[in-house]
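Visitor: Hi! Could you take me for a close look at just one part of this model?

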Amino acid sequence: MSPIITLRDVRKTFGPLVVLDGLNMEVQRGEKVALIGPSGSGKSTVLRTIMTLETIDGGEIEIDGESLWHMKRGSRVVPANEAHLRRMRSKVGMVFQQFNLFPHWTVLKNVMNPVRTVLGLPEPEARARAEELIALVGLQDKVNQYPGRLSGGQQQRVAIARALAFRPKVMLFDEVTSALDPELVGEVLNVLRMLAHEHDLTMIMVTHQMGFAREISDRILFFEHGRIAEEGTPEKVFNCPTNDRTRAFLTAVRQA
Amino acid sequence: MPFDFEFAKSILPHLLEASVITIAATFVSFAIALVIGLFLALGLRSRFALVRRGIWGATQFIRSTPLLVQLYFLFFVLPEIGITMPPFLTGVIGLGAHYSCYIAEVYRAGLESVPKGQWEAAVALNYGRSRAMTEIILPQAIPPMIPVLANYMITMFKDTPVMASITVIELMQTANIIASERFLYVEPMTLVGLIFLALSLVASFGVRLIEGRLVR
């Protein structure tokens with residue numbers, strides 16, 4: 001079966017800064033992958049390009065065997081239009097470092113309204129789906145609270161439920177615990193651990209939690225200068241890294 | 001300076017009647033300013049640099065010239081090139097256009113106060129642009145704008161007397177007519193001041209009530 005996500009020779013620049021430098025990357029269906037590496041190495045940009053929050057300057061991204069930024073019209077290949085992008089995006093969900101919950105809606109509405117509006121689910125169905133997911137992340141007693149009244153960890157769990165409500169094939173987690181107070185990290189990681197047991201769900205995580213990455217990933221990708229400098233199973237990358245930069249990075253992280 | 005209460009009492013009904021015109025002029029001008037302001041704000045976010053610069057230049061020009069001069073221009077100069085409008089219409093267009101430049105800025109600031117992450121979450125959840133705007137961005141951008149807009153309306157209300165200069169028979173002009181007939185200025189002008197004061201105070205109080213509601 002073809003990979004769920006393929007990046008081929010992807011380039012992304014911000015002015016003179018080269019963020020992704022001919023990146024090649026594949027993620028298999030159901031695979032749990034952690035992206036690690038120094039800041040500015042392009043890890044978050046990878047997730048943002050897959051979610052179409054950033055365009056790319058070169059190369060190709062495929063989701064589920066289909067080009068993200070191009071589509072077929074007859075026999076010709078043309079730039080993707082909004083309808084194509086929306087169909088592609090529906091396969092992917094994303095959770096952000098800063099949660100980005102909608103502050104004018106309650107927890108229930110944050111999870112329920114998007115699937116009602118975007119998927120056109122009828123209210124009872126959307127509500128049932130939302131309540132089930134809110135319970136899954138352990139916040140059933142907070143359904144009618146506004147995000148401003150919740151802790152960071154609780155907000156992030158709602159954000160995960162909100163993305164899951166679309167039943168995406170791929171979930172992108174962009175440093176989802178980096179904005180949290182240390183004592184709130186655990187509750188969010190527990191939700192991710194639970195999701196990691198979902199056999200069919202593909203998870204791509206950018207994280208600085210090395211212990212966690214090692215625990216739940218099938219594969220670790222070490223990024224540097226917009227490319228993958230080293231990859232492999234957690235045992236290989238953490239125990240016997242072959243790349244000098246990987247070794248230096250892991251040493252620095254362990255000392256912190 | 002004697003104050004003739006009998007005279008004041010006799011002219012009060014005329015002045016109150018004229019304040020209806022003043023209030024109407026305020027509401028109509030404000031509505032015009034809200035609509036033009038919206039187009040200006042959208043224009044300032046246009047993809048085309050020419051549109052952005054043109055609109056920026058026009059708003060700077062309108063903000064940097066006196067309202068009175070603009071009204072004179074609309075009322076006395078435009079007829080020379082064949083555009084003649086009745087006084088009230090000229091007045092509300094002039095006042096509305098003038099304030100639209102300030103209101104465009106209020107819209108811009110309101111939209112920019114919504115964090116970029118809200119747009120990104122909307123894209124990630126596959127909202128279309130217009131749905132994201134109406135369901136996610138505007139509900140957050142509008143509440144903080146309301147007290148600011150309401151204060152502009154009160155300022156516009158206090159600027160309506162400039163319309164007297166282009167022969168709109170509003171509160172100020174009515175008082176002027178009464179005063180010049182009798183050469184008695186104390187009572188009409190005092191009453192005009194008091195009517196403006198009373199209405200402004202009521203409106204300010206209203207704004208504060210709304211503000212209190214919006215701040216949760």
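Visitor: What volume does the second largest pocket have?

Guide: About 350 Å³. Keep in mind that this is a predicted model, where local features need pLDDT of at least 70, side-chain atom pairs count only at pLDDT 80 or more, and totals for chains, interfaces and linings use all residues. Residues are numbered from 1 along each chain as written, chains are lettered from A and ligands numbered from 1 in written order, and side-chain values use heavy atoms, with hydrogens and water left out.

A pocket here is an open set of 1 Å grid points where a 1.4 Å probe fits, with protein on both sides within 12 Å along at least five of seven lines; the volume is the space filled by probe spheres set on those points.

So who's in the lining (residues with an atom within 4 Å of a point)? There are 15 residues, and nearest the centre you'll find Leu53(A), Arg89(A), Trp119(B), Val123(B) and Arg129(B). H5(B) gives the largest share, with 5 residues.

Sort the lining by class and you get 7 nonpolar, 2 polar and 6 charged residues; Asp, Glu, Lys and Arg are the charged ones, and Gly counts as polar. For reference, the largest pocket has a volume of about 440 Å³, and its lining splits into 8 nonpolar, 2 polar and 7 charged residues.

Conventions:
Helix = DSSP H or I, 4+ residues; strand = E, 2+ residues; numbered from the N terminus.
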